[in-house]
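Welcome! Here is a short briefing to read alongside the sequence and the 3D view.

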Amino acid sequence: MGELPLDINIQEPRWDQSTFLGRARHFFAVTDPRNLLLSGAQLEASQNIVQNYRAGVVTPGLTEDQLWQAKYVYDSAFHPDTGEKVILIGRMSAQVPMNMTITGCMLTFYRKTPTVVFWQWVNQSFNAIVNYSNRSGDAPISVRQLGTAYMSATTGAVATALGLKSLTKHLPTLVGRFVPFAAVAAANCINIPLMRQRELQVGIPVTDEAGQRLGHSVTAAKQGIFQVVISRIGMAIPAMAIPPVIMDTLEKKDFLKCRPWLGAPLQVGLVGFCLVFATPLCCALFPQRSSIHVSRLEPELRAQIHEQNPSIEVVYYNKGL
């Protein structure tokens, strides 16, 4: 068996990203919770394989499947723009186990104000970490900006949850179960732009098709953040809309009435089942390497690109996750 050729393009995902199916297969690999169980040594080994291959050095005995496996392990733990190792709970592979626990608890303990406040705070704290860890570009963000964004997003989520909770006091129980989803959807519209506000100020890197950086664009940042907000809200819909309906029905049955302690673990399990599919499928709604037409960019950047290469009509950027 000969040495692995150097013409495998591991700069791009393994599957065709121009199709939803290809993107879905890619994100099923990226969000695989089993990647969280990998040791630091295994992550570093995958990093070495990928970096060596990109530098033209093939690890002896390496197969193509092993190369792709190493790439997805590497991508699951390291930021694509900065190259830094992402904190464990900030990785996309942590989305399902973390969200199933937090969302399950939000849906279970929605009746009392203290628990609503606590779980909305936990959720927004987790979201802040995820949004920062999966931001686009490599521009730094100050501790003060992070603190302001975190406080604003958390306050907005808690205020929304409490406001909606007070409005549903005299409505059917099933309606009250949807308050956490409404709060999460509203908070995503606040948290993501605030945690990525640096991108809206200085822009994110845009490149040509070959990956050559052409400049920074705020317009591309706005488009990318909008796409991420839509994906995150879509991700929450099955996990926060289906289990409440099922639980509302089950809690009226004798089985759960006699075993109320089963309510919370059952709800967490239902949420987890929904998230296993919703997380990668909603991440796949838009390409990770998104594109934007040059004519839609800022006038200065547009002029700069036309001066460098008049034939470029479309530029690319990492939208974040």
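The sulfur of Cys-282 lies 7.6 Å from the closest cysteine sulfur, that of Cys-283, which is too far for a bond, since a disulfide is a pair of cysteine sulfur atoms within 2.5 Å. This is a predicted model, in which local features need pLDDT of at least 70 and side-chain atom pairs count only at pLDDT 80 or more, while totals for chains, interfaces and linings use all residues. Residues are numbered from 1 along each chain as its sequence is written, and side-chain values use heavy atoms, with hydrogens and water left out.

- Cys-283 is in no disulfide, its nearest cysteine sulfur being that of Cys-282 at 7.6 Å.
- By this rule the count of disulfides is 0.
- Cys-282 is buried, with a relative accessible area of 11%; buried means under 20% relative accessible area, exposed over 50%, and partly exposed in between (1.4 Å probe, protein chains only).
- Cys-283 is buried too, with a relative accessible area of 4%.

**Domains**

- The protein divides into domain 1 (20-85) and domain 2 (93-318), with bounds that come from an automatic or database domain assignment.
- The centres of domain 1 and domain 2, taken over C-alpha atoms, are 25 Å apart.
- Domain 1 brings 16 residues to the contact and domain 2 brings 22 residues, where contact means heavy atoms within 4.5 Å.

**A look at Gln-95**

- Gln-95 sits in helix α4 (residues 95-108); helices (H or I, at least four residues) and strands (E, at least two) are DSSP runs, numbered from the N terminus.
- Gln-95 is buried, and its relative accessible area is 3%.
- Setting aside neighbours within four places in sequence, Gln-95 is in contact with Met-100, Phe-126, Val-130, Met-235 and Thr-279.

**Cavities**

- The whole structure holds 4 cavities of 30 Å³ or more.
- On a 1 Å grid over the protein atoms alone, a cavity is a set of points where a 1.4 Å probe fits but cannot get out, and a pocket is an open set with protein on both sides within 12 Å along at least five of seven lines; lining residues have an atom within 4 Å of a point.
- The largest cavity has about 180 Å³ of space, a volume being the space filled by probe spheres set on grid points, which are joined across faces, edges and corners.
- Of the 14 residues lining the largest cavity, Asn-99, Asn-127, Val-184, Arg-232 and Ala-236 lie nearest its centre.
- Helices α4, α5 (113-133), α8 (179-195) and α10 (218-250) each supply at least two residues of the largest cavity's lining, and α10 gives the most, with 5 residues.
- The lining of the largest cavity has 7 nonpolar, 6 polar and 1 charged residues; Ala, Val, Leu, Ile, Met, Phe, Trp, Tyr, Cys and Pro count as nonpolar, Asp, Glu, Lys and Arg as charged, and the others, Gly among them, as polar.
- The second largest cavity has about 70 Å³ of space, and α5 gives the most to its lining, with 4 residues.
- Residues lining the second largest cavity include Met-106, Trp-119 and Lys-165.

**An open pocket**

- The second largest pocket has a volume of about 230 Å³.
- Among the residues lining the second largest pocket are Arg-14, Trp-15, Asp-32 and Tyr-72.
- Helices α1 (20-30) and α3 (64-77) each supply at least two residues of this pocket's lining, and the largest share, 4 residues, comes from α3.
- The lining of the second largest pocket divides into 7 nonpolar, 2 polar and 3 charged residues.
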